Amino acid sequence: MNYNIFLLILLPYLGMAQGNCLLYPKDSPCRKACELCEQASHFYQGSRQSLELRDQAIAICPEFAYAWSENSVAYLKRGDYHKWRSLIDSAVKYDPISWLGYRGACSYEFIHDYQGALTDFIQLESIKKGHLGYNANGDYPIRTLMGLCYRDKGDLPEALKQITHSIDENFKNGAVGTYDYLHRAVTYMKLNQWNLALEDLQLQFNNYPQFPDTYYYLSLVYIQNNDREQALTQLQKAKSLYTKNHRADPYVIMPDQIFESDIDEKIAEVQSLLTR
């Protein structure tokens, strides 16, 4: 294996915390595997040293799921989804509660495998009590991603049900997902429930006031209501915020993500309507 091609800068997007090695019996294979993974964490993610140390950990304690998962990340970031899947499958095999949601989230975000992700989320729901957890960077509750899977598969009522469940569940803990209200608003738009979409966009402003995508979608509500002046105002606000506040993930394009070109095209469209 040529490990050098996997030298990647360590980014927080896929960082998952390692457990306490003291939880394993002293001198046990899994304690040694955990300690090797701790050593690996001192090297760049995807470097030869980190991968080889985790390979040693896997050889000593094959059921140490964290080592399988961490070694899979380099392949995911490089776009080798076949290799990534073979490694993450082993993590799920040995610790499904910890890694089913993670595998499903990555399948959704990187590969757009909506059915595969949904299958993982449903399986997780069947074995885990309470909250299903979050994706790797913490922006998305797993249940929100479940709702988005249903939406992408065309089941809007079930999508709305799951996203609402996620919002209600997380609101009690004061931690609604970063983009949850936005995604529910867009789902309402797809259902032609524009007043409810407007309510959620207002809630999204409270959650993330400088997010340009919210202003873009708000402009669509005003266009629907034939208020072109307000639509243009919202688009101009989106344009002014875009450079500093747009989503700039180096690996994935997320659902309902807006680009500057989308804003420019909509501004031109609304300006054309205003001059008629």
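Reader: Over the ring of which residue does the charged end of R247 sit?

Author: Please bear in mind that this is a predicted model. The charged end of R247 sits over the ring of Y179, at 4.2 Å from the ring centre. A second case involves a lysine: the charged end of K83 is placed over the ring of Y75, 5.8 Å from the centre of that ring.

Reader: How many helices and strands does the protein chain have?

Author: There are 13 helices and zero strands in the protein chain. The C-alpha trace spans about 75 × 40 × 30 Å along its principal axes. Of the 276 residues, 50% count as buried. Among contacts with a separation of 6 or more, 58% come from residues 24 or more positions apart.

Reader: What describes a pair of aromatic rings?

Author: One gives the distance of the centres and the angle of the planes. This structure holds eleven aromatic pairs. In one of them, the ring centres of Y179 and Y208 are 6.2 Å apart and the planes stand at 45°, so the pair is tilted.

Reader: Which parts of the chain does the pair of Y179 and Y208 tie together?

Author: Y179 belongs to the loop between α8 (156-171) and α9 (180-190), while Y208 belongs to the loop between α10 (194-207) and α11 (212-224); the pair therefore ties together parts 29 residues apart in sequence.

Reader: Is Y179 buried or exposed?

Author: The cut-off for buried is under 20% relative accessible area. Y179 has a relative accessibility of 7% and so counts as buried.

Reader: What is the geometry of the pair formed by Y216 and Y217?

Author: That pair is edge-to-face, with 5.4 Å from centre to centre and 90° between the planes. Both Y216 and Y217 are buried.

Reader: Which residues do ring pairs link into a cluster?

Author: The cluster consists of Y140, Y179, Y208 and F211, linked by ring pairs.

Reader: How far apart are the mean positions of the positive and negative charges of the protein chain?

Author: The mean positions of the 27 positive and 33 negative charges are 3 Å apart. As for the surface, the accessible area of the protein chain is about 13,400 Å², and 51% of this belongs to carbon and sulfur atoms.

Terms used:
Residues numbered from 1 in each chain as written. Predicted model: local features only at pLDDT ≥ 70, side-chain atom pairs only at ≥ 80, totals over all residues. Heavy atoms only, no water. Helix = DSSP H or I, 4+ residues; strand = E, 2+ residues; numbered from the N terminus. Buried < 20%, exposed > 50% of the residue type's maximum accessible area, 1.4 Å probe, protein only. Contact = heavy atoms within 4.5 Å. Areas by Shrake-Rupley, 256 points an atom, 1.4 Å probe, with all protein chains shown as cover. Lys, Arg positive; Asp, Glu negative; His and termini not counted. Charge placed at Lys NZ, Arg CZ, Asp CG, Glu CD. Phe/Tyr/Trp six-rings, centres within 6.5 Å; stacked < 30°, edge-to-face > 60°. Lys NZ or Arg CZ within 6 Å of the ring centre and 35° of its normal.
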